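User: I would like to go through a structure with you. Could you take my questions as they come?

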Amino acid sequence: MQGLGNDFIIIDNIHQTFVPDAEQIRRLSDRHFGIGFDQLLLVEKAKGDADFRYRIFNANGEEVEQCGNGARCFVRFVHEQGLTDKKTIQVETLQGVITPTLRADGEISVNMGVPRFEPADIPFHANQRSLTYPLTINGKQTEICIVSMGNPHAVQIVPDIEHAPVAGEGPLIATHPYFPNGVNAGFMQIVDRSHIKLRVFERGAGETLACGTGACAATVCGILLRKLDNDVLVTTSGGTLRIRWQGAGQPVWMTGPAETVFTGEIKL
Ligand SMILES: N[C@@H](CCC[C@H](N)C(=O)O)C(=O)O
């Protein structure tokens, strides 16, 4: 499946149990010798009161807390596979329950939860909370804004998205020692108060065509920095997402498409 070109394989673990190990995930994610994907998603029975449990693994085999584009694909999948007919579903993730809704127009809106900013929430090495933090990359100081959308994000503002140093700085930020669990590195160009352009070097996957939680994090940063209004169009290399955030203590809403590309069987 794909959501704005951020691509996934999704495994139905309601009717079977297949939890690939890290080595199998890396092999399957290979775009030449495997199927190729940015993340692998498992659809499982909920442990608590929610409708389903949603597990997310990066292409490098590591399990992570949250995935925005994956959440929309998850909804499309459980409907197409006849696993539910509920329009709004409760989905357990490693970082709590998210609530996606399949809309009448076919797009999917997801309540992505309340963003968190304390350095310990990311986690990020800093003694106290600030709006931005200096980070030295390649001997050059960059100002980053940090946000947890369940998963960690470091966002910086760039003048021109085409020439943003995603390939050069992205891997260095993603593995910077100040982020003990790694981080997703976002590069945001502010077009106007309701429109940004965004590229994300994702932890465990590299630059993807779009990152849903990255779009939420960048929008939240822009609003906190008073550069954006509450409703923002986020243009990524794979298409556009709509993000809404009403401010501190409120959840972030993400709306966009999700599409099945093909279905198949894995023989190991
Ligand atoms: N593509 C995703 C995020 C997937 C997880 C991320 N790489 C991480 O390690 O936190 C999205 O759409 O949010």
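Analyst: The conversation below covers the domains, the ligand surroundings, a helix pair and some backbone details.

Analyst: Please note that this is a predicted model.

User: Understood. Into which domains is the protein divided?

Analyst: There are two assigned units, domain 1 (2-111) and domain 2 (119-255). Their centres, taken over C-alpha atoms, are separated by 22 Å. Domain 1 contributes 23 residues to the contact between them, and domain 2 contributes 24 residues.

User: Turning to the ligand, which residues come nearest?

Analyst: The ligand has 19 residues around it, and the nearest are G68, N69, N151, G212 and T213. Two elements, helix 2 (68-80) and helix 4 (212-224), each give two or more residues to this shell.

User: Which of them supplies the largest share?

Analyst: Helix 2 does, with 3 residues of the shell.

User: How do the domains figure in the shell around the ligand?

Analyst: Both take part: at least three residues come from domain 1 and at least three from domain 2. In terms of class, the shell consists of 12 polar, 4 nonpolar and 3 charged residues.

User: At what angle do helix 2 and helix 4 pack?

Analyst: The angle is about 130°, and the axes of the two helices are 4 Å apart. Because of that angle, helix 2 is oblique to helix 4.

User: Which residues make that contact?

Analyst: From helix 2 they are G68, N69 and A71, and from helix 4 they are G212, T213, A215 and C216. The contact of helix 2 with helix 4 includes 4 polar and 3 nonpolar residues, with no charged ones.

User: Where does UniProt place the active site?

Analyst: The unreviewed UniProt entry gives the feature "active site" at C67 and C211. These positions are spread over 145 residues of sequence, yet they cluster in space, with a largest C-alpha distance of 7.8 Å.

User: Where does C67 lie?

Analyst: C67 is in the loop between strand 5 (63-64) and helix 2.

User: A change of topic: is the peptide bond from I122 to P123 cis or trans?

Analyst: The bond from I122 to P123 is cis, and its omega is near -10°. P123 belongs to the loop that runs between strand 8 and strand 9 (133-137).

User: Lastly, what is phi of L4?

Analyst: Phi of L4 is near 55°, which is a positive value in a residue other than glycine. L4 is located in the loop between strand 1 (2-3) and strand 2 (6-12).

How values were computed:
Residues numbered from 1 in each chain as written. Predicted model: local features only at pLDDT ≥ 70, side-chain atom pairs only at ≥ 80, totals over all residues. Near = placed C-beta within 6 Å. Nonpolar A, V, L, I, M, F, W, Y, C, P; charged D, E, K, R; others polar. Domains from an automatic or database assignment. Axes fitted to C-alpha atoms, helices over the stretch in contact; angles between N-to-C directions. Parallel < 35°, antiparallel > 145°, perpendicular 65-115°, else oblique. Contact = placed C-beta atoms within 7 Å. UniProt positions renumbered as here; feature names shortened; annotations may be inferred.
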